[in-house]
Each structure stands twice: as structure tokens, then as C-alpha cells.
Amino acid sequence: MATTTATLTVSSADLTGDALSLSTTATLTKAGVTTGLDETTGVARKTFATVQTAYNLITASDYTTPQAAKVYIKNPSATAAEFINIEIGASNVVLGRLYAGDWTLLPWDGANDIDIDTSAVNMTVEYLVIYETV
């Protein structure tokens with residue numbers, strides 16, 4: 001049985017009036033059970049020679065729904081102004097924007113495609129899906 005653990009730590013000396021230090025850990029499990037997620041796409045990187053609009057990064061039909069999954073997406077750019085918009089579904093609802101060095105770990109049920117927009121040429125996106133087989 002696979003066991004995958006994600007840990008997030010946030011700390012700052014000056015974000016609030018006092019020092020901030022938060023840390024939380026979660027074991028990534030299948031839907032409705034304590035069994036760990038057991039499949040992964042592996043970490044991949046894709047570089048785009050041109051600016052992209054609604055590029056289908058993760059295709060829902062590649063996965064069985066409903067299911068538990070986690071999606072990791074990172075903008076590895078070192079150029080502060082370069083960003084990636086993350087969108088979901090046929091209407092391309094924007095979930096958020098990743099600027100240079102930003103990353104996210106999203107819960108995903110595999111029901112909708114995940115698309116991205118890039119803000120510049122020659123941008124790279126790093127991504128991974130951790131999911132269950134049903």
C-alpha cells in the first residue's frame with residue numbers, strides 16, 4: 001500500500017504583528033478510506049515556445065471519476081512578471097495565478113480538465129497528478 005504525505009510550512013517574521021509559524025501534514029488517501037493514493041503520472045515539465053491560452057494540461061477523461069486525486073503545479077520561472085493561470089472545466093474558470101517560483105497542491109476529483117494560460121514565450125510548467133485507481 002502506498003503512503004504519500006504532504007507537509008506545508010508557512011513562516012514569516014513580519015507578515016503579522018507577531019512571528020508566524022504554521023505547519024500541517026496530511027496523508028494523501030483514496031476517497032472515503034484510509035488507504036493511500038497509489039498511482040502517479042510522475043513529475044513532468046513542459047516548455048511552451050509560444051504563449052498558451054486554455055492549454056489542456058490535465059485531461060479528466062484520462063482518469064476514472066469520482067476519485068480522490070491531488071494535482072501539483074509549479075511555475076519554475078525566475079522572471080517575476082511571468083505567470084501561469086490555472087483554469088478548470090469547459091468554461092475555463094480561473095482558480096488562480098502562479099507567479100515565478102509559485103506552486104500549488106490542489107484536491108481534484110477528476111471530473112473536469114485542468115487548463116493553463118502562460119503569460120510569455122518559452123515558459124515551463126512543472127506538474128504531477130497523484131491519484132487512485134478505481
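Predicted model: local features only at pLDDT ≥ 70, side-chain atom pairs only at ≥ 80, totals over all residues.
**Entry 1: Glu 82**

I started with the neighbours of Glu 82: setting aside residues within four places in sequence, Glu 82 is in contact with Asn 75, Ser 77, Leu 98, Tyr 99, Ala 100, Ser 119, Ala 120 and Met 123. Next I looked up where Glu 82 sits, and found it in the loop between β6 (69–74) and β7 (83–88).

Which side chain of opposite charge is nearest to Glu 82? I found Arg 45, 11 Å away. A salt bridge needs the nitrogen and the carboxyl oxygen within 4 Å. Glu 82 has no salt bridge, yet it is buried. I did find a polar contact, though: the side chains of Glu 82 and Ser 77 are joined at 2.6 Å. Ser 77 also turns up in my contact list for Glu 82.

**Entry 2: the sheet**

I counted 4 strands in an open sheet, in the order β5-β10-β7-β8, with antiparallel pairing. β5 (55–58) and β8 (93–99) are the edge strands; each has a single partner strand, so one side of each has no neighbour in the sheet.

Then I went through the pairs one at a time.

- β5 pairs with β10 (residues 114–118) over 3 bridges, in the antiparallel sense. Here I found Ile 58 opposite Ile 114 of β10.
- β10 and β7 are joined in the antiparallel sense by 5 bridges. Asn 85 has Asp 117 in β10 as its bridge partner.
- β7 and β8 run antiparallel and share 6 bridges. Phe 83 faces Tyr 99 of β8, and Tyr 99 is also one of the contacts of Glu 82.

Is β7 mostly covered or mostly open? Mostly covered: I found 5 of its 6 residues buried.

Ala 54 has one, about 55°, although it is not a glycine. How accessible is Ala 54? Its relative accessibility is 34%, so I wrote it down as partly exposed.

Asn 122 is another non-glycine residue with a positive phi, near 60°. I found Asn 122 in the loop between β10 and β11 (123–131). At 53% relative accessibility, Asn 122 counts as exposed; the cut-off for exposed is over 50%.

**Entry 3: Thr 5**

Last, I went to Thr 5, in strand β1 (residues 5–12). Which residues does Thr 5 touch, leaving out those up to four places away in sequence? I found Thr 25, Ala 26 and Thr 27. Thr 5 has 45% relative accessibility, so it goes down as partly exposed. For a sense of distance, I checked Thr 5 against Ala 90: they are 85 residues apart along the chain, and their C-alpha atoms are separated by 31 Å.

Methods: Residues numbered from 1 in each chain as written. Heavy atoms only, no water. Pairing = 2+ DSSP bridges. Helix = DSSP H or I, 4+ residues; strand = E, 2+ residues; numbered from the N terminus. Buried < 20%, exposed > 50% of the residue type's maximum accessible area, 1.4 Å probe, protein only. Lys, Arg positive; Asp, Glu negative; His and termini not counted. Polar contact = N/O pair within 3.5 Å; in protein donor to acceptor, adjacent residues only side chain to side chain. Contact = heavy atoms within 4.5 Å.
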